[in-house]
Amino acid sequence: MKIAITGGSGFIGKRLIAYLQQHGHEIINISRTPRSIMNGVRTVTWEQLQSHSAGLEELDAIVNLAGESINQRWTAAAKQRILNSRLKAAQQVAQLVERMDRKPKVVVNASGMSVYGTSETAVFDERSPHNTIDFLSSVVEKWEQAADQIQGPRIVKVRVGLVLDGKEGAFPKMALPYKLGVGGTIGSGKQWLSWIHIEDMVRLIDFCIQNESISGPVNATAPSPVTNKQFGVALATALHRPNLFPLPSFVLKLVFGELSTLLLEGQKVLPRVLLQHGFNFTYTSVDKALADIVQQ
């Protein structure tokens, strides 16, 4: 297949491109800048696409992963960048598809599990309603509304959980206290953590591209979410470190501000659509996932 990817320089994007290349697909990176990101991957800029097709005539799929990182202090300016980057990327994809005479069969647009809101008792799947109770859930709702403006192709909105990768993303920061021997439960420890191994993350995106019966929201989370306390025990075990030093909520709020809600609140999210369509997760146990991740 011929697949275009936005956000290809991000840690999910890089792993996805490598995976798709290994499986014989032709990959085109759409970016703001013309720099090359990987051997065998041609980069075209959004500016170039304004004036000509840049070789996208026979495109089979677009994967939109572009967006400002949420792993920063949520100042007013940062919040605006986080929202605007996602809306702009989805709008650019919609405009690109509209200009194409032969439209791709599918657009996979990144989204987030925050759209469900937070709860220590509820269980969420793709049928659950949106609950825009905070900044991030409102961003995700607007993000998905922007993706709905893409007309023609099948649209898949991949609601990404905590992606476990040994070198990039949130995990290295989460693991650092444990590596230093001072890891422990965060806040109450009862908050749910819906996670997914990076290998399953890229595999499920390919699965959604290939499976024509999948459309709409898809939860990109492993089928076995855990509480923060359970995750900490599993991480300590994988690293052979103690899990003895709890981190009170007020400390996180002082250090990270509103961003601390990502660690102090959570949601138990299940991948109903993927399981119904026969996707086989390589990592269903957080213990197995972390044992692999810490060796990367």
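D200 is buried, at 0% relative accessibility, where buried means under 20% relative accessible area, exposed over 50% and partly exposed in between (1.4 Å probe, protein chains only). The side chain of D200 meets that of R203 in a salt bridge with an N to O distance of 2.7 Å; a salt bridge is a side-chain nitrogen of Lys or Arg within 4 Å of a carboxyl oxygen of Asp or Glu. This is a predicted model, in which local features need pLDDT of at least 70 and side-chain atom pairs count only at pLDDT 80 or more, while totals for chains, interfaces and linings use all residues. Residues are numbered from 1 along each chain as its sequence is written, and side-chain values use heavy atoms, with hydrogens and water left out.

**Salt bridges**

- The whole structure holds 12 salt bridges.
- D200 and R203 are three residues apart in helix 6 (residues 198–210), so about one helical turn separates them; helices (H or I, at least four residues) and strands (E, at least two) are DSSP runs, numbered from the N terminus.
- R81 and E68 form a salt bridge through their side chains, at 3.3 Å from N to O.
- R81 belongs to helix 3 (residues 76–99) and E68 to the loop between strand 4 (61–64) and helix 3, so this pair ties together parts that are 13 residues apart in sequence.
- R81 is partly exposed at 37% relative accessible area, and E68 is partly exposed at 28%.
- In the salt bridge of D125 with R127, the closest N and O atoms are 2.6 Å apart.
- D125 is buried, with a relative accessible area of 13%, while R127 is exposed at 61%.
- A network of salt bridges links D125, E126, R127 and R272.

- Q191 sits in the loop between helix 5 (171–179) and strand 9 (192–193).
- Its relative accessibility is 2%, so Q191 counts as buried.
- A polar atom of the Q191 side chain lies 2.9 Å from the backbone oxygen of I186.
- The side chains of Q191 and S188 make a polar contact at 3.3 Å; the term stands for a pair of N or O atoms within 3.5 Å, where within protein one must be able to donate a hydrogen and the other to accept it, and residues adjacent in sequence count only if both atoms are side-chain atoms.
- Apart from neighbours within four places in sequence, Q191 is in contact (heavy atoms within 4.5 Å) with E120, I186, V226, T227, N228, L263, L264, E265 and G266.
- T227, one of these residues, is in strand 12 (residues 226–227).
- T227 is buried, with a relative accessible area of 13%.
- Not counting residues up to four places away in sequence, T227 touches G189, K190, Q191 and W192.

**Nonpolar surface patch**

- L176, L180, V182, L244 and F245 make a nonpolar surface patch of about 520 Å².
- Patches are made of residues with over 30% relative accessible area and no salt bridge, like charges being joined within 9 Å and nonpolar side chains (Val, Leu, Ile, Met, Phe, Trp, Tyr) within 5 Å.
- Accessible areas come from the Shrake-Rupley method with a 1.4 Å probe, and for residues only the protein chains shown count as cover.
- L176 lies in helix 5 and is partly exposed, at 46% relative accessibility.

- H240 has a positive phi of about 55° although it is not a glycine.
- The loop between helix 7 (228–239) and helix 8 (249–256) contains H240, which is exposed at 70% relative accessibility.
- An unreviewed UniProt entry lists residues 247–293 as "domain: DUF1731"; the positions are given in the numbering used here, feature names are shortened, and annotations may be inferred rather than shown by experiment.
- Residues 247–293 are 53% helix and 4% strand, and the end C-alpha atoms of the span lie 23 Å apart.
- Q295 is in the segment after helix 11 (286–293) and is exposed, at 68% relative accessibility.
- The side chain of Q295 reaches the backbone oxygen of A291 at 3.0 Å.
- Q295 and L239 are 56 residues apart along the chain, and their C-alpha atoms are separated by 9.3 Å.
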